[in-house]
Every structure is written in structure tokens, then in C-alpha cells.
Amino acid sequence: MGDILRNYDILGAFWVTIQLSVLSAVGALVIGTVIAVLRVSPVGILRTIGSLYVNLIRNTPLTLLMAFSILGMTFILGLQLDEQATRNAYWWAVIMLAVYHAAFVCEALRSGVNTIPAGQAEAARSIGLTFAQSMREVLLPQAFRGSIAPLGSVLIALIKNTTVAAVILGTAESAGLLAEITENEGASLPTFFIFALGFVILTLPIGIATTNLSRRLSVKR
Amino acid sequence: MSAETVLFDAPGPKARLRHRILTGVGALLVLLALWVVYRKMDSANQLQGFMWEPFVTDKAVWTAYLLPGLWETAKAAAASVVLAGAFGIIFGMGRLSPFRSVRWVSSVVVEFFRSVPVLLMMVFFFFGYFATASWLPNQYAPFAAVVLALTLYNGSVIAELVRSGVHSLPKGQSEAGMSIGLTDFQTLRIVQLPQALRAMLPALVGQLVVVLKDTALGTVVLYPELLTSAKTLGSAYANTVPAYLVAAFLFIVINYLLTRLASYVEGFMQRKKRSAGTPMAAASAAGPA
């Protein structure tokens, strides 16, 4: 056990997990918000673009996106993001994680919008608020509160899904490192529990925080 | 409540003009995106006939690569779903048990397997146990690792569905069970669980999409599922990009149909009213991979 900790860079692998999570979470939030705006827009073709994105991405395995990013995008289509192969794989992992989870961010935001009863918008309009005002003062605050809990589950899933980047990052990523350790040293339950514990530590606070927050901020109806 | 009706009024003449302009902009963006993809594919010589023709002309592409891959994917998904269902019902009932120790153990098991990434479990089971196990013929090792990992994760998700399904039933159901002299366990098994399972059905079908996508993780432990077979197909025919795109297309079509099935089942259950609980919508939250 001590040897394993000394010979393998487990903390380094988790640092990669954290980096991938933060970078791709920001990316997913940005792309997901844009797609969500498209999906609730009053223009038919924009809505179609939004739902096409969600349905295509949501039904594709992340593993396929990851594998394709290197084997297809870099090697064949020549889309190289960095001279160095490992950095290139790293940035592709961030992009694919962001693109994949953006579809779920979009759905989380939309479910927040869908929790608002029509009466709220009607009430806002009937007291004379303009479109922008009713958005800012009445609708968006409620939509945001309604989407905290689903956004939290998307973030947790994203953190766990960073392991899929092992497909292209290999041992730099925690799942790849665990595979190598297990292959070299044989099955070691304590090592597995260290990796598992790492993910529990990363995801548990997010689950608790978002549940509490969504409960505290929930709109009383 | 549909989004458009909350957010927007019926458009007047100015808004209609604006919508027409945005329609034009949207169409332009789509065309631009398609053009960029076309140029990229063309300049990398990915649109040549010999790369795409085999999918239509060469039977071996399907019989030797894609269909066997699809079959392995379906096999792993089916086995995992059945086992996960059993796991979920057992531990879901465990979490509803009147005994604190049973509740506690089931909660720890469920919460643990829900928070550990599937891929970690898969590589650990494969490299740690199945690949080196003397009792398991070598060719079954990847299958065993994929199914076990998917069972533990999705079983825990289903256990949570069982628990929330039973909790969502009106209190009168369990009271009725108790008042005709059933024990706690009998009430759960005979009265609550059947209704909870019916209410869960749409969410269960939705979970099938997650399982199906997750079988693609099997490529890491060399399980010959659809993604792996697309990769070998790509190297055999020198058409990696088309092979991946076709595999993605197959995944998307199957999962889209399953999603549609889930919402159909949801509507069906709502009409049938065979359960005191309301049907649970298929979760749209991100399942791993």
C-alpha cells in the first residue's frame, strides 16, 4: 500500500480530475445556457437547432466522443489544439466533456423554466411590467431557483464522467492510473477505496450543498 | 407548462419581423456549420467513395463488425438491466426496512456505488479480478467486468427510484395494508412495491438509455461492443471517421427510440391509473458517459 502511494502519482491524477471538472463545467454552463436560450426562443428554427443539439449529444456515448476527438479529429481531420500530444488530448477532453454535459445543462435550465406556472408571467404582465422587466424581476429568479438541484446533479455526473477522459489521457487520469496500478500490482482493495473516496469527497459536498440551497431558495407555491 | 407560453406574448408586427430576421440568421448559421464540416471533411479526404461505399455494398461491414458489436452492446445492456433491477429492488426495500441496521447497510451500499464512477469499478474488476481469474474463461472477462460495474451503479440508481416510488404513494396505501393485518414486509411487498414499480416504469426505460451508453465504456476493458467494433472496422477499411460516425448514428437512433418509448410509457401509465403514485418521468439528468 505504502509502495503504491509512493510509486504512483494518485494526487496528481486527482488534480487532473479537478482541473477537467472546473474547466469543462464552465464550458458546459456557457454552451448549455446558449442552447437553453435557443430552445425556449420564440423562433422555430432556433428551437429546432437547440433540440437537435440536445437529442444528438445526449444519445451519444461520451466514450465515443472522447475516442473520436483523438482518433478522428486530431489524427485524421488534423484539428490539433496543442503541439504536445498530451496537452492536445487534455484540451480535447475538456471540450468533449463541456459539449456533452452542455446538453444536460440545457435540460436542467429548461426544467427550471418549466417549474414556473403561467400565472406568474401573466401577473407580471398585468401589473404593467415590460418583457425585460418581467424576465428580470419575476421569471428568471424563479427559473434559476428551480434549476439549482438538477444543475447540481449534472455537475456531480460531470465530475464522475471526467474518468472517461482516461480513454485519451491514459494514466494521467484517475481511472487510467487505477487500471495501471491494478494491472501491475494486482487487485488492492485499499487502493480502490482511496480512488473511490476521492470521488466521494469531490461529489458529496456538491450534492449536499445544492440540495440545501434548492430547498432554502425554493419558491413557496 | 410549455416554455413559450410563459415567456412570450403573441407576436405583433414588429416582433414577427424580428422573428423572420432571426429565422434567416439561424438558417444561415446552420448552413455555415454544415459548410465548415463539409470543407473540413473534404480537405482531409474523408468524403471519398471508397470510405462510405462499404456500408452499402459490402455485407461484411455489417455481418462481421457492426452487427456483432451491436449484439454485444445489447447483451451487456440487457444483462446489466436485469441484474440492476434485482439489485435495486433488494436494496431499495432494504432502505425501507423497519430495522435500522438493514436500512443503514443498504444506504451505505447504495450511496457508495452511486458516487463511484462506473469506469473506476470496471477497470478495477477487470484488471484486478476477472482478467486474472482462473475460474473464468478469458473471453468472458470483459463482459463480466462491464456487467458487474453497470449492475452496481444502475442498481443503486434503481434502488433510489424504488425508495422514492414507495415514498410517493399516498399514506393510505400502507395504512390499508397494515389495517388488514399484513406485516410491514408484506405491506411493502404486496401493496406498495407493485404500485411503486408501475410508477417507476418510465424512469426505468429511461435508465436503459444510460446503461446502453455506458456499455461503450467497455471499450476500455476490450469488450467487443459497438464502439470497439467501429474502431476495428475503421482500421480494417481505412475509414475511421465514417466508421465512428455510423456507430454514433446507431447509438443515437436506438437511444432516441428508447427515450420516445419512455415518454410513451409515461403517458400510458398516466391514462391507465393502475398505481396510486404518479408516473415518474424518465430522468433527463446526465447519466455517466
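Helices α8(B) and α10(B) are roughly antiparallel to each other (angles over 145 degrees count as such), because they pack at an angle of about 150°. This is a predicted model, in which local features need pLDDT of at least 70 and side-chain atom pairs count only at pLDDT 80 or more, while totals for chains, interfaces and linings use all residues. Residues are numbered from 1 along each chain as its sequence is written, with chains lettered from A in the order in which they are written.

**Helix pair in chain B**
- Helix α8 of chain B covers residues 141-167 and helix α10 of chain B residues 184-214, with their axes 9 Å apart; helices are DSSP runs of H or I, at least four residues, and axes are lines fitted to C-alpha atoms over the stretch in contact.
- Residues of α8(B) that meet α10(B) include B:Leu150, B:Asn154 and B:Val166; contact requires C-beta atoms, placed from the backbone, within 7 Å.
- The residues of this contact divide into 13 nonpolar, four polar and one charged.

**Contact between the chains**
- Chain A gives 58 residues to the contact and chain B gives 48.
- On the side of chain A that touches chain B, 39 residues are nonpolar, 15 polar and four charged.

**Nonpolar core**
- The largest nonpolar core has 144 residues, a core being a set of buried Ala, Val, Leu, Ile, Met, Phe, Trp, Tyr and Cys residues joined through C-beta atoms within 7 Å; buried means 20 or more other C-beta atoms within 10 Å of a residue's own.
- Its largest share, 18 residues, comes from helix α5 (residues 85-114) of chain A.
- A:Ala93, B:Met122 and B:Val123 have the most contacts inside this core.

Technical notes
Buried ≥ 20, exposed ≤ 12 C-beta atoms within 10 Å, placed from the backbone. Helix = DSSP H or I, 4+ residues; strand = E, 2+ residues; numbered from the N terminus. Contact = placed C-beta atoms within 7 Å. Nonpolar A, V, L, I, M, F, W, Y, C, P; charged D, E, K, R; others polar. Axes fitted to C-alpha atoms, helices over the stretch in contact; angles between N-to-C directions. Parallel < 35°, antiparallel > 145°, perpendicular 65-115°, else oblique.
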